[in-house]
Amino acid sequence: MTDTTTKTLPCVLIPMTDRQLLLPNVSIAEVVDHNTDLEGHDGPSWLAGFLEWRGLQLPVISYEGANGQSAVMPGTGRGRVVVLNTIGPSHDRLPFLAIITQGIPSQARLEPEQVQGTEDTSKGPADLMQVDLEGEPVWIPDLEYLENLGLQALDRG
């Protein structure tokens with residue numbers, strides 16, 4: 001008898017300026033339309049502002065800015081805001097944070113053999129690791145680092 005159970009992981013590919021991020025579905029609370037009226041644009045380059053979401057003020061992080069690059073706001077109608085669940089020790093204080101995308105995220109179902117580790121060629125502080133997904137490089141973000149930035153944003157506000 002053969003084992004017919006598969007070990008697929010439902011994931012989301014999130015387009016950024018120079019890379020795609022890969023996250024499991026369970027890390028994403030919601031994908032919302034980009035709101036150009038984010039509050040609080042006077043912070044560090046990685047802070048795109050704050051989003052009013054379900055009665056909470058969420059810090060919105062520019063992934064590019066968090067990686068030491070110029071923060072890039074998406075063109076009209078292109079970007080989304082991805083609300084992420086936090087899992088760190090400060091979850092009670094910051095249960096969610098958000099990142100700006102440069103396009104519409106897409107679903108992916110991954111089998112273990114589809115993902116191969118690669119050498120980190122241009123790893124930034126917000127990147128945990130680069131992997132090869134069926135011949136394409138994708139990045140797994142460092143959620144702990146992003147959560148720390150979100151906490152810094154709360155302290156500023």
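**Exercise 1. Strand β5 and its surroundings**

Task: In this predicted model, work out how many of the residues of β5 are buried and what this says about the strand, and then find which strands β5 is joined to and in which direction they run.

Solution. Begin with burial, for which the cut-off is a relative accessible area under 20%. Five of the seven residues of β5 fall in this class, so the strand is largely enclosed by the rest of the structure. Next, look at the partners of the strand, keeping in mind that strands of a sheet pair through backbone hydrogen bonds, either parallel or antiparallel. Between β4 and β5 there are six bridges, and these two strands run antiparallel; within this pairing, Glu 52 has Gln 57 in β5 as its bridge partner. Between β5 and β7 there are three bridges, and here the strands run parallel, with Ser 62 finding its bridge partner in Ile 100 of β7.

**Exercise 2. The whole sheet**

Task: Write down the order of the strands in the open sheet of five strands, and decide which of them are edge strands.

Solution. Reading across the sheet, the order is β3-β6-β7-β5-β4, and the pairing is mixed. The strands that pair on one side only are β3 and β4, and these are therefore the edge strands by definition of pairing. From one strand to the next, the twist averages 30°. Helix α2 packs on this sheet, where it touches β4, β5, β6 (80–85) and β7, and its direction makes about 125° with that of β5.

**Exercise 3. A serine in a loop**

Task: Describe where Ser 27 lies, whether it is buried or exposed, and what its side chain and its other atoms meet.

Solution. Ser 27 is found in the loop between β2 (20–24) and β3 (28–33), and with a relative accessible area of 10% it is buried. A polar atom of its side chain lies 2.7 Å from the backbone oxygen of Pro 24. When neighbours within four places in sequence are left aside, the residues in contact with Ser 27 are Val 83, Leu 84 and Asn 85.

**Exercise 4. Helix α2**

Task: Compare the reach of α2 with the expected value, then describe its N-terminal end and its buried residues.

Solution. Helix α2 covers residues 143–156, which makes 14 residues, and from its first C-alpha to its last it reaches 20 Å, close to the 20 Å expected at 1.5 Å a residue. At the N-terminal end, the cap is Asp 142, one of whose side-chain oxygens lies 3.2 Å from the backbone nitrogen of Glu 144. Among the buried residues of the helix are Leu 146, Leu 149 and Ala 153. The elements that the buried residues of α2 pack against are β4, β5, α1 (63–66), β7 (96–100) and β11 (136–141).

**Exercise 5. Salt bridges across the chain**

Task: State how many salt bridges there are, and examine the pairs formed by Asp 127, Asp 33 and Asp 155.

Solution. The count comes to five salt bridges. In the pair of Asp 127 and Arg 19, the closest N and O atoms are 2.5 Å apart; Asp 127 is in strand β10 and Arg 19 in the loop between β1 and β2, 108 residues apart. Asp 127, at 1% relative accessibility, is buried, and Arg 19, at 9%, is buried too.

In the pair of Asp 33 and Arg 80 the corresponding distance is 3.4 Å. Because Asp 33 lies in β3 and Arg 80 in β6, this pair ties together parts that are 47 residues apart in sequence. Here Asp 33 is exposed at 56%, whereas Arg 80 is buried at 17%.

In the pair of Asp 155 and Arg 93, the closest N and O atoms are 2.2 Å apart, and the link runs from helix α2 to the loop between β6 and β7, 62 residues apart. Asp 155 is exposed, while Arg 93 is partly exposed, with a relative accessible area of 46%. Finally, salt bridges that share partners join Asp 18, Arg 19 and Asp 127 into one network.

Definitions and conventions: Residues are numbered from 1 along each chain as its sequence is written. This is a predicted model: local features need pLDDT of at least 70, side-chain atom pairs count only at pLDDT 80 or more; totals for chains, interfaces and linings use all residues. Side-chain values use heavy atoms; hydrogens and water are left out. Helices (H or I, at least four residues) and strands (E, at least two) are DSSP runs, numbered from the N terminus. Buried means under 20% relative accessible area, exposed over 50%, partly exposed in between (1.4 Å probe, protein chains only). A polar contact is a pair of N or O atoms within 3.5 Å; within protein, one must be able to donate a hydrogen and the other to accept it, and residues adjacent in sequence count only if both atoms are side-chain atoms. Contact means heavy atoms within 4.5 Å. The expected span of a helix is 1.5 Å times one less than its number of residues. Axes are lines fitted to C-alpha atoms, for helices over the stretch in contact, and angles run from 0 to 180 degrees between N-to-C directions. A salt bridge is a side-chain nitrogen of Lys or Arg within 4 Å of a carboxyl oxygen of Asp or Glu.
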